[in-house]
Amino acid sequence: MLKVDVLRRICDSGLIAVVRAPAAEEAVRIADACAAGGAEVLEITFTVPGAANAIHQLCDRNDSGRYVVGAGTVLDPETARIAILSGAKFIVSPALNTETAKLCNRYQIPYLPGAATVREVIEAMECGADIIKVFPGDTTGPAFVKAVKAALPQASLVPTGGVSIENVCTWITAGCVAVGAGGNLTRSAADGDFNTITELTKRFIEEIRTSRV
């Protein structure tokens, strides 16, 4: 899949389902539940033990291309390369790492580094990031997005951290091209409840669509 197609998929879908779990097997089940609810973009974080294996499993069964799998919490180029070889189509980091940016640019893989200040947003764009992760979203807030977009209307922003079904519309109307939803989407997995994840995914998607009208 070409880089431009991955970026388009992220922006068109509007939702990145961020998957954290205590084991790779559970991460796959959470990702499946999100996909069943219509999520087209899945991020498996490298806080998951065996994350590369989870990414490989999801990619291996994705013959129809109904979703795109990426890797999150990638701190260095070594981890990024492992993720890419496992099938990850995009790389997400909590903060900018220039060597990771270079590697992703080399292999034409979208890189979404975290930023919490205007300077960090600019530095990320200068390193070739097409989309910047606003992180942590629960401390920056939608007002930060509005301020950044006023000064840098060309910046494509995706918040992660604190995004919920209650505030997703606010993030989108503030100017975000998509949102990353993690714990507020998937926390019921801890109780073995994956149906709630599927239903919440449907609600997130509907809220995003409504916000874009």
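**Close-up 1. Helices α4 and α5 lie roughly parallel to each other.** In this predicted model, helix α4 (residues 77-85) packs against helix α5 (residues 98-106) at an angle of about 30°, and their axes are 8 Å apart. Axes here are lines fitted to C-alpha atoms, for helices over the stretch in contact, with angles from 0 to 180 degrees between N-to-C directions. Helices (H or I, at least four residues) and strands (E, at least two) are DSSP runs, numbered from the N terminus. From α4, look for P77, A80, R81 and I84, which meet E99, T100 and L103 of α5. By class, this contact has 4 nonpolar, 1 polar and 2 charged residues.

**Close-up 2. T79 sits in helix α4.** T79 is buried, with a relative accessible area of 18%; buried means under 20%, exposed over 50%, and partly exposed in between (1.4 Å probe, protein chains only). Leaving aside neighbours within four places in sequence, T79 is in contact (heavy atoms within 4.5 Å) with F46 and V74. The C-alpha atom of T79 is also separated by 9.2 Å from that of A52, 27 residues apart along the chain.

**Close-up 3. Strand β5 is largely enclosed by the rest of the structure.** In β5 (residues 111-115), 5 of the 5 residues are buried. Both faces are covered, with Y111, P113 and A115 buried on one side, and L112 and G114 buried on the other. Strand β4 (residues 91-93) runs parallel to β5 and is joined to it by 3 bridges; strands pair if DSSP finds at least two bridges between them. Here you can find I91 opposite Y111 of β5.

**Close-up 4. Helices α2 and α11 are oblique to each other.** Helix α2 (residues 24-36) and helix α11 (residues 195-212) pack at an angle of about 45°, with 7 Å between their axes. I30, A33, C34 and A36 of α2 meet I197, T198, T201 and K202 of α11. The residues of this contact divide into 5 nonpolar, 2 polar and 1 charged.

**About the model.** Residues are numbered from 1 along each chain as its sequence is written, and side-chain values use heavy atoms, leaving out hydrogens and water. Local features need pLDDT of at least 70, side-chain atom pairs count only at pLDDT 80 or more, and totals for chains, interfaces and linings use all residues.

Terms used
Parallel < 35°, antiparallel > 145°, perpendicular 65-115°, else oblique. Nonpolar A, V, L, I, M, F, W, Y, C, P; charged D, E, K, R; others polar.
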